[in-house]
Amino acid sequence: MKNIHEALVKFNLHSDIKVSSPIALSALQNSFPSSAGSFRPELIEPVFKPMLDFLRQTGSFLMVNAYPFFAYESNTDVISLDYALFRENPGVVDQGNGLRYFSLFDAQIDAVFAAMSALKYDDVKLVVTETGWPSKGDEEENGASIQNAAAYNGNLVRRILTGGGTPLRPNADLTVYLFALFNENKKIGPTSERNYGLFYPSEEKVYDIPLTEEGLKKYRDNPSPVDGNQPGAAPPVVKSTTGKTWCVANGKAGKEKLQAALNYACGEGGADCHQIQPGATCYDPNTIEAHASFAFNSYYQKKARQMGTCYFGGAAYVVTQPPKYGNCEFPTQDQP
């Protein structure tokens, strides 16, 4: 990178042509929640600090390849398709900074921003050099379909062309490159690897999306998402293969907020609150936090642990260990 930059300086092209190198999200040690974003420790000194120093000195950008599909495909039990495809959804609140995210893409980008900030490189700009969604995949590649690919890329174009940064960097002017123009029909690996293109090798369109502000005026996302690989397949509820999770009350939210959320969960929300009634198994301990935790978890499990269903206005959060309130057992979606 330094040699290329020196050659550009020699011909006075360094102001017009910037040198960088893309990173994958696998270079992050942590990416969830976004506020905890950090680079892998073994890469910080030999790779990231020298590279970020170079980018800062030359006024270049950190290039990032971000693929929400990979996160969704392996975590369909906790990531909603709407959240992954930029569709309307309740959002997900980052418990570390209180920011609400309405797309997995924004959350991934902010995880990189947080990792850069942790190393004191807030001034280095970022460009997304690759992102996309496959229009076809193997049987186990959940979410790979023409409908979902068109929704992701179409909604991404709308997201970028209508402006605005991310929740963490609202003033960031994001530049994003779609991957890819053509399907790579000779590429090895899973079926999805050969099906990221907007066009087939024959130059026929795989699907139609807008690429200009004018085109956005007529753009309408398909309101019926397809989760699988077969057209018309109904989105299944996939049980956890990565570990059980529960939803519990946030004691710091205050009694008034917890009570309002508890009333909603047991009422309009349809949670099963029979076990927290007087004389029932989970009545004791008789505290608002214990009762709210049981009700919130009932609602969360009933909603198949989807993203955004353990929020309650900031009164709840997800845990990975079974909650302990007296002798009460909190059910999971995996239990009958």
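Q: Where does Asn-12 lie?

A: Asn-12 sits in the loop between α1 (2–10) and β1 (22–24). Helices here are DSSP runs of H or I with at least four residues, strands are runs of E with at least two, and both are numbered from the N terminus. Keep in mind that this is a predicted model, where local features need pLDDT of at least 70, side-chain atom pairs count only at pLDDT 80 or more, and totals for chains, interfaces and linings use all residues. Residues are numbered from 1 along each chain as its sequence is written, and side-chain values use heavy atoms, with hydrogens and water left out.

Q: Why does Asn-12 count as exposed?

A: Exposed means over 50% relative accessible area, buried means under 20%, and partly exposed is in between (1.4 Å probe, protein chains only). Asn-12 has 57% relative accessibility, so it counts as exposed.

Q: Why does Phe-86 count as buried?

A: Its relative accessibility is 14%, so Phe-86 counts as buried. You'll find Phe-86 in the loop between α4 (81–84) and β5 (92–93).

Q: What is the phi of Phe-86?

A: Phe-86 has a positive phi of about 65°, although it is not a glycine. Asn-12 is a residue other than glycine with a positive phi too, near 60°.

Q: Which peptide bond joins Phe-179 and Ala-180?

A: A cis one again, with omega about 10°. Ala-180 lies in the loop between β8 (176–178) and α7 (213–216).
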